[in-house]
Amino acid sequence: MSVNVYERIWMWGAGGLIVLFLAAIGITAVAQAVQPPSHIETINPATLDEHPEFGDPQVVVAEDGRVIVSVVAEMFQFRPDPIEVPVNTPITFRITSADVVHGFQIVGTNANAMAVPGYVSQFTVTFDKAGDYDIACNEYCGMMHHVMVGKITVKGERP
Ligand code: CUA
């Protein structure tokens, strides 16, 4: 079978692109660690009120100085609200939902997580500017989704 030379060029070109794209996926996944999160922590959303951490969600300063913020997202608020944290300090947010899927996006930063009932979402962020930040729920969660807003107050010194 003879294949026209231009057809051959296009075939090799298209094949080369497929190899290039697969290599890009492989390199980012392996070398740059673009992977699903490894932190998987489950929780019973039905008994959140009695949970030692999420029964009374709050900002805790650990003995080693780490600041941990436990957050419950529920229709249609975040608890605690407002959240007060210090500036220039790594803040670990631990977020869960009491009912449906909510979002937890700290407006003006790259901090963004889903609040999923049954799971704890966790990330650490450092605020380099003091001030007030809004928390937006960016997952449609019901009739009052659009008013589900929280506040983070970042203060100049440690609490
Ligand atoms: Cu909570 Cu939208």
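Buried means under 20% relative accessible area, exposed over 50%, and partly exposed in between, using a 1.4 Å probe and protein chains only. This is a predicted model, in which local features need pLDDT of at least 70, side-chain atom pairs count only at pLDDT 80 or more, and totals for chains, interfaces and linings use all residues. Residues are numbered from 1 along each chain as its sequence is written, and side-chain values use heavy atoms, with hydrogens and water left out.

**View 1. Two cysteines, C137 and C141.** C141 is buried, at a relative accessible area of 6%. C137 is buried too, at 8%. The structure has zero disulfides (pairs of cysteine sulfur atoms within 2.5 Å).

**View 2. The two domains.** Domain 1 covers 1-35, and domain 2 covers 45-155. These bounds come from an automatic or database domain assignment. Taken over C-alpha atoms, the domain centres lie 42 Å apart.

**View 3. Helix α1, residues 5-30.** Helices (H or I, at least four residues) and strands (E, at least two) are DSSP runs, numbered from the N terminus. From first C-alpha to last, the 26 residues of α1 reach 37 Å. That is close to the expected 38 Å, which is 1.5 Å times one less than the number of residues. The helix is hardly covered: its count of buried residues is zero. At its start, a side-chain oxygen of N4 comes to within 2.7 Å of the backbone nitrogen of Y6.

**View 4. Around I152.** Contact means heavy atoms within 4.5 Å. Leaving aside residues up to four places away in sequence, I152 touches I83, V85, F93, I106, F127, G131, D132, Y133 and I135.

**View 5. S70 in strand β2.** S70 sits in β2. S70 is buried, with a relative accessible area of 4%. Its side chain makes a polar contact with the side chain of E53, at 2.6 Å. A polar contact is a pair of N or O atoms within 3.5 Å; within protein, one must be able to donate a hydrogen and the other to accept it, and residues adjacent in sequence count only if both atoms are side-chain atoms. Beyond four places in sequence, S70 also touches residues including F54, P57 and R94.
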